[in-house]
Amino acid sequence: PGKFATLGLTYDDVLLVPGPADMTPEEISTRSRVSRNVSVNIPLLSAAMDKVTEARMAIAMARQGGVGVLHRNLSIQEQAAQVDRVKRSESGMVTDPITIRPDASLQEADELCGRFRISGVPVTDAAGKLLGIVTNRDMAFETDRTRQVREVMTPMPLVTGKVGISGQDAMELLRRHKIEKLPLVDGAGMLKGLITVKDFVKAEKYPRAAKDADGRLIVGAAVGVAGDSYERAQALVEAGVDFIVVDIAQGHSKLVPDMIAKIKANHSGVDVVGGNVATRDAAQALVDAGADGIKVGVGPGSICTTRVVAGVGVPQITAIYEASLAAGPAGVPVIGDGGLQYSGDIAKALVAGADTVMLGSLLAGCEESPGELRFINGKQFKSYRGMGSLGAMQTRGESRSYSKDRYFQQAVNDDEKLIPEGIEGQVPYRGPLSSVVHQLVGGLHQSMFYLGGRTVEDIKRDGRFVRITAAGLKESHPHDIQMTTEAPNYSGR
Ligand code: XMP
């Protein structure tokens, strides 16, 4: 191929062709893989951006059946603490419960409960032997906060369960004794876990939640390749992250495979995704480095200016397709990152070759995204910005920004000298994530029924595109009418 070899297509250039459907809509499954060993029940990831994914969004995403990727524009400790918050938030069983010593003060117990948003903690000795439990109820009527935990706790013998107890048996114990927390102990009385009634309630409320083998919500987190990125990856793994995303804007840099290989060599239990790439060769380089997933997208994002500032990128449908040519045969899942505007774009990404998609602007307006609501002329907005925007890369007097190495500018010390590749702005407030996801996944279900696919694999294999013209795109959107009522899944072009 010469210099002008290929035509690049994106979401608006194509439509999916309807196919025969020999099933009912109820038979449709949206389950898919993020990486070799991490699966989701809906093929959606929230973007690793500081206005999209912190612990609260990651928890909400996993409850809905997808997964959040925690951004890295913050210190290593803070990012690792967020992983910890997600992993402890809801689970069949907490394997490593927060505990307190008997000689701690009530003040300290309060602070602990507040920090981890829990209503009580098991009390253990230095060796981990269970001595009792202290809950908000035990502490509520104590005015002297310097008193010790041992004075107000419910001491042993407590109602406890044996390690390995079934969910049903645990629920039965909680119900019979009208208690909210069931500590799990081994034969020597050592605390080995905790089951709480709240987790059962949540399990019923979020039946589609994406969980790990221990019943904990799954979560991913981004790292870079520069400076202390490897130490960051280590801290995230220690905090229990399910997959790491080695995430820089130029994923075809040799530094990405190097970082993937280093993490994988030292941490066999965690999946490592690499990106971002936009070509078959770049995807192949990541496959060869042992990547467990490949993230695709150079410049399609709503806040990106890479394609104008650098003149670089590949329209997203083509980029996903090209990357899938390398990833597919190797059994490595592809994440289509950025550029999705409507629910229909999800199925388009999957048919092009992605296994999941990553969303920024579509989720930045949710209640669970970081940042305050802004009122402007009676309308509600939330701020959203590119991680390569000036605002995200500026140090603002702090010792460092953690975002600029995504755009290879970690060595730029003067904010005035930064070359931004993104913009800052706002998106309409969209309410809770659950209703946004309901529309997005509802749209995907419709796509799958139109295509006649029961599974993501089915539409990836059998889906076909038709290329459309500007007239076709005009025909696709509402036309020749003035919209008077906003639809929950369409806000105009
Ligand atoms: P959407 O379209 O969902 O895109 O808002 C989110 C994705 O955009 C990427 N991203 C950027 N790309 N400059 C870029 O060129 C930026 O400042 C920037 N910030 C984020 C990223 O891949 C994200 O998931």
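Me: What makes Cys304 partly exposed?
Reply: This is a predicted model, and in it Cys304 has a relative accessible area of 28%. Buried means under 20% and exposed means over 50%, so a value of 28% puts Cys304 in the partly exposed class.

Me: OK, where does Cys304 sit, and what does it touch?
Reply: Cys304 is in the loop between strand S15 (293–296) and helix H11 (306–309). Not counting residues up to four places away in sequence, Cys304 touches Gly299, Glu421 and Gly422.

Me: Why does His477 count as buried?
Reply: His477 comes out at 9% relative accessibility. The cut-off for buried is under 20%, so His477 counts as buried. His477 is found in the segment after helix H18 (470–476). Its contacts, not counting residues up to four places away in sequence, are Tyr342, Tyr490 and Arg493.

Me: UniProt lists another "binding site" set with Asp247, Ile248, Ala249, Gly297, Val298 and Gly299; how do you know that they gather at one spot?
Reply: That set also comes from the unreviewed entry. Its residues span 53 residues in sequence, yet no two of their C-alpha atoms are more than 13.8 Å apart, so they gather at one spot. The lining of the largest cavity takes in Asp247, Ala249, Gly297, Val298 and Gly299 from this set.

Me: What about Ile248: buried or exposed?
Reply: Buried. Ile248 has 2% relative accessibility, and under 20% is what buried asks for. Ile248 is in the loop between strand S13 (243–247) and helix H9 (255–266). Leaving out residues up to four places away in sequence, Ile248 touches Arg72, Gly224, Val225, Ser253, Val256, Gly275, Asn276, Asp405 and Arg406.

Me: And why is Ala249 called buried?
Reply: Ala249 has a relative accessible area of 18%. Since buried means under 20%, Ala249 is buried. Ala249 is found in the loop between S13 and H9. Apart from neighbours within four places in sequence, Ala249 is in contact with Asn276, Val298, Arg406, Tyr407 and Phe408.

Me: How many cavities of 30 Å³ or more does the structure hold, and what is in the lining of the largest cavity?
Reply: There are two cavities of 30 Å³ or more. The largest cavity has about 380 Å³ of space. Of the 33 residues that line it, Gly301, Ile303, Cys304, Asp337 and Arg406 are the closest to its centre. The lining divides into 15 nonpolar, 13 polar and five charged residues. Strand S17 (356–359) and helix H14 (361–364) each supply at least two residues of that lining.

Me: What lines the second largest cavity?
Reply: Ala48, His71, Arg72, Asn73, Asp247, Met387, Tyr402, Ser403 and Arg406 do. They divide into three nonpolar, three polar and three charged. The space in the second largest cavity is about 60 Å³.

Me: How do you know that the span of helix H2 (residues 76–89) agrees with what it should be?
Reply: The expected span is 1.5 Å times one less than the number of residues. For the 14 residues of H2 that should give 20 Å, and the end C-alpha atoms are 20 Å apart, so the two agree.

Me: Which residues of H2 are buried, and what covers them?
Reply: Ile76, Gln79, Ala80, Gln82, Val83, Asp84, Val86, Lys87 and Ser89 are buried in H2. Their cover includes helix H1 (55–64), S5, helix H3 (106–116), helix H7 (197–205), strand S12 (220–223) and helix H8 (229–238).

Me: S5 has Gly68 in it; why does Gly68 count as buried?
Reply: Gly68 has 0% relative accessibility, and the limit is under 20%, so Gly68 counts as buried. Strand S5 covers residues 67–70. Leaving aside neighbours within four places in sequence, Gly68 is in contact with Ser46, Thr53, Ala58, Met61, Val219 and Gly220.

Definitions and conventions
Residues numbered from 1 in each chain as written. Predicted model: local features only at pLDDT ≥ 70, side-chain atom pairs only at ≥ 80, totals over all residues. Heavy atoms only, no water. Helix = DSSP H or I, 4+ residues; strand = E, 2+ residues; numbered from the N terminus. Buried < 20%, exposed > 50% of the residue type's maximum accessible area, 1.4 Å probe, protein only. Contact = heavy atoms within 4.5 Å. 1 Å grid on protein atoms, 1.4 Å probe; cavity = no way out; pocket = protein on both sides within 12 Å on 5 of 7 lines; lining within 4 Å. Points joined across faces, edges and corners; volume = space filled by probe spheres on them. Nonpolar A, V, L, I, M, F, W, Y, C, P; charged D, E, K, R; others polar. UniProt positions renumbered as here; feature names shortened; annotations may be inferred.
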